[in-house]
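Please open the structure in a viewer and keep the selection panel at hand.

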Amino acid sequence: MLISDGRTIRLDDKWGLMPINVTVEDDSVTFHASTASGMQVTMSEQTPDQGGPSTINDVSFEVLAVKGKKAVIKITH
């Protein structure tokens, strides 16, 4: 999925995550999320070469490429 800085990602409620805010800058992507129970989660400065995805509530976020204020990410569950 191609994503731009400032975008919000919405997932199905069954994954227990509120809308996820995305920041793209400095060759990395940061995901800001809240769980349904209110826990705040920040997956900071994710990069294509970090060795694998970051996962919360069985949802994995992987950065495949970053250029400027846009990134290609993969979300799996």
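Select E45 first. In this predicted model, E45 counts as exposed because its relative accessibility is 59%, which is over the 50% required for that class. The residue is found in strand β5, which spans residues 40-46. Display its backbone torsions: phi of E45 is near 45 degrees, a positive value in a residue other than glycine. Most residues other than glycine have a negative phi.

D58 lies in the loop between β6 and β7, the latter covering 59-67. With a relative accessible area of 63%, D58 is exposed.

Now move to S34, in strand β4 (residues 28-34). Is S34 buried or exposed? S34 counts as buried because its relative accessibility is 16%, under the 20% cut-off. Which side chain forms a polar contact with that of S34? The partner is Q40, and the contact is 2.8 Å. Show the surroundings as well: leaving aside neighbours within four places in sequence, S34 is in contact with G16, L17, M18, M39 and Q40.

Continue to the largest nonpolar core, which has 19 residues. Select I20, V22, V29, F31, F61, A71 and I73, the members with the most contacts inside this core. The largest share comes from β7, with four residues.

Within that core, centre the view on F61. Not counting residues up to four places away in sequence, F61 touches L11, L17, I20, F31, M43, P53, S54, I56, K74 and I75. Of these, I20 and F31 are also listed among the core residues with the most contacts.

Finally, show the strands in cartoon form and select β1, β8, β7 and β6. In that order they make an open sheet of four strands with antiparallel pairing. The edge strands are β1 (2-4) and β6 (54-56), each of which pairs on one side only. From one strand to the next, the twist averages 35 degrees. Strands of a sheet pair through backbone hydrogen bonds. End the tour at S4, which stands opposite K70 in β8.

Terms used. Residues are numbered from 1 along each chain as its sequence is written. This is a predicted model: local features need pLDDT of at least 70, side-chain atom pairs count only at pLDDT 80 or more; totals for chains, interfaces and linings use all residues. Side-chain values use heavy atoms; hydrogens and water are left out. Two strands pair if DSSP finds at least two bridges between them. Helices (H or I, at least four residues) and strands (E, at least two) are DSSP runs, numbered from the N terminus. Axes are lines fitted to C-alpha atoms, for helices over the stretch in contact, and angles run from 0 to 180 degrees between N-to-C directions. Buried means under 20% relative accessible area, exposed over 50%, partly exposed in between (1.4 Å probe, protein chains only). A polar contact is a pair of N or O atoms within 3.5 Å; within protein, one must be able to donate a hydrogen and the other to accept it, and residues adjacent in sequence count only if both atoms are side-chain atoms. Contact means heavy atoms within 4.5 Å. A nonpolar core is a set of buried Ala, Val, Leu, Ile, Met, Phe, Trp, Tyr and Cys residues joined through side-chain atoms within 4.5 Å.
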